[in-house]
Amino acid sequence: MLSLHSARHRASRKAGANGGAKHAPAGPKIGLAIAGGGPIGGMYELGALRALDEAIEGLDLTRLDCYVGVSSGAFLAAGLANRMDTAEMCRIFVTGDSADVEFRPETFLRPAFLEYVKRAASFPRLAAEWWRELLFSPLEARWSDLITRFGGLIPNGLFDNAEVERFLREVFTRRGRSNDFRELGAKLYVVAVDIDSGDAVRFGGDGWDQVPISQAVQASAALPGLYPPVEIGGRHFVDGALRRTMHASLVLEQGIDLLIGINPLVPFNHAQGAPVVSEDRSLAAGGLPAVLSQTFRTLLQSRMQVGLARYAQQYPDIDQLVFEPNAEDRELFFTNAFSFSARQRICEIAYRNTLADLRLRADTLGPLLAAHGLRLREDVLADRERSILDGIAPPKRDSETTARLRRALDDAERLVAGQQQRRPRRRAPRKQAG
């Protein structure tokens, strides 16, 4: 499902004059905002990104002007900002044949034993305090206070996210990549929420760009109940989606021309999708997990839609494209949100859905993309049987040195091309009469 807000009047991208000479027009400024959604949401976003990468000519997702990532979307945004393209990320997370990174799902699902031990260690003290109060102040002791008093024994998270940070740190410190926001070629924001104040913090922004990218992503993806809060600078951070779904405003504030957003969580339309149990039963038949999932998805999407409508008024010069799953897609709704075993199937669904959205809205998207120097690839859209694996070439078996050299040469080539584009054209001298 594609939500499209066309700019009411697009700002012309004309380079300024220098000594009276006119320069070639500057390229489009494009920003990417990726929401969260757990492991399955992240895989849906990867499939959608791969489809955009293949179907839009002129779009280089590793060379955008600004990125913002929230929760699982922060993994992908940080990877793209580090010039890891969608094909490489598919090799890492889908096919598993990357020559660079070895991904093990169990890395993200290791029990937080240290957290369990820390909480259990406080039980004797809490029990002693309770019994002392019960014996000496029986009128003040209430059984209902047990929930509050012993609630501190419950771990903050089931899984240890220290391994998540370690995995990302290893990835971002190899092959010319960087774990430092300040060393990236484009602006990257990773959003998390301070659990003690409820404030959203933009890692990569002023005052927070010294935090390692791996640690910022760890904090942004610390979904309460699943992972414990992450301590950074004496403050504790959790999932950035608690405040906003996509935090697209961080990208829009950068003076971009085109926003591309991806949100993997939408409510399931039971009236149009396949029935859960039987024709006459609703989502309530699925019990508390189904009800909570639908509630959570509905709140996130409605909040995002309100924000996008406001952004269309606040930023009338910016085209906005936001890609989401189809509301009647039953498989996405009922797949375990924290399962890695279904990642290839979910990526494939996202890939085909996104291509279908581009195909369906091609007449509207054509002129819009052309205004930004982009074009839909008709051959890709025409292939309705195309799979996400079709365009992924075998990995290059580069050494660390070769990979760094390849990256440096690519940077040099881009720099030269940019200088040639900005170089003023010299007019041929006029021949004098006579």
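Predicted model: local features only at pLDDT ≥ 70, side-chain atom pairs only at ≥ 80, totals over all residues.
1. Helix 1 with helix 3. Helix 1 spans residues 38–55 and helix 3 spans residues 86–95. Their axes come within 10 Å and cross at roughly 150 degrees. Angles over 145 degrees count as roughly antiparallel, and helix 1 and helix 3 are therefore roughly antiparallel to each other. The crossing is left-handed.

2. Residues at that contact. Helix 1 contributes M43, L46, L49, R50 and D53. Helix 3 contributes T86, A87, M89, C90, F93 and V94. By class, the contact of helix 1 with helix 3 has eight nonpolar residues, one polar and two charged.

3. Helix 7 with helix 8. Residues 162–171 form helix 7, and residues 213–220 form helix 8. The two pack at an angle of about 145 degrees, and their axes are 8 Å apart. Helix 7 crosses helix 8 in a right-handed sense. On helix 7 the contact uses A162, E165, L168 and R169; on helix 8 it uses S214, Q215, V217 and Q218. Three of these residues are nonpolar, three polar and two charged.

4. Helix 13, buried side. In helix 13 (residues 362–370), L365, L368 and L369 are buried. Viewed down the helix axis, the buried residues fall within an arc of 95 degrees, so they line one face of helix 13. Their packing partners are strand 1 (2–5), strand 3 (56–57), strand 9 (258–262), strand 10 (319–323), helix 12 (343–360) and strand 11 (375–376).

5. Helix 13, other side. The face turned away from the buried side carries D363, P367 and A370, which are exposed.

Methods
Residues numbered from 1 in each chain as written. Heavy atoms only, no water. Axes fitted to C-alpha atoms, helices over the stretch in contact; angles between N-to-C directions. Helix = DSSP H or I, 4+ residues; strand = E, 2+ residues; numbered from the N terminus. Parallel < 35°, antiparallel > 145°, perpendicular 65-115°, else oblique. Left-handed = near helix turned anticlockwise from the far one by under 90°. Contact = heavy atoms within 4.5 Å. Nonpolar A, V, L, I, M, F, W, Y, C, P; charged D, E, K, R; others polar. Buried < 20%, exposed > 50% of the residue type's maximum accessible area, 1.4 Å probe, protein only. Arc of directions from axis to C-beta.
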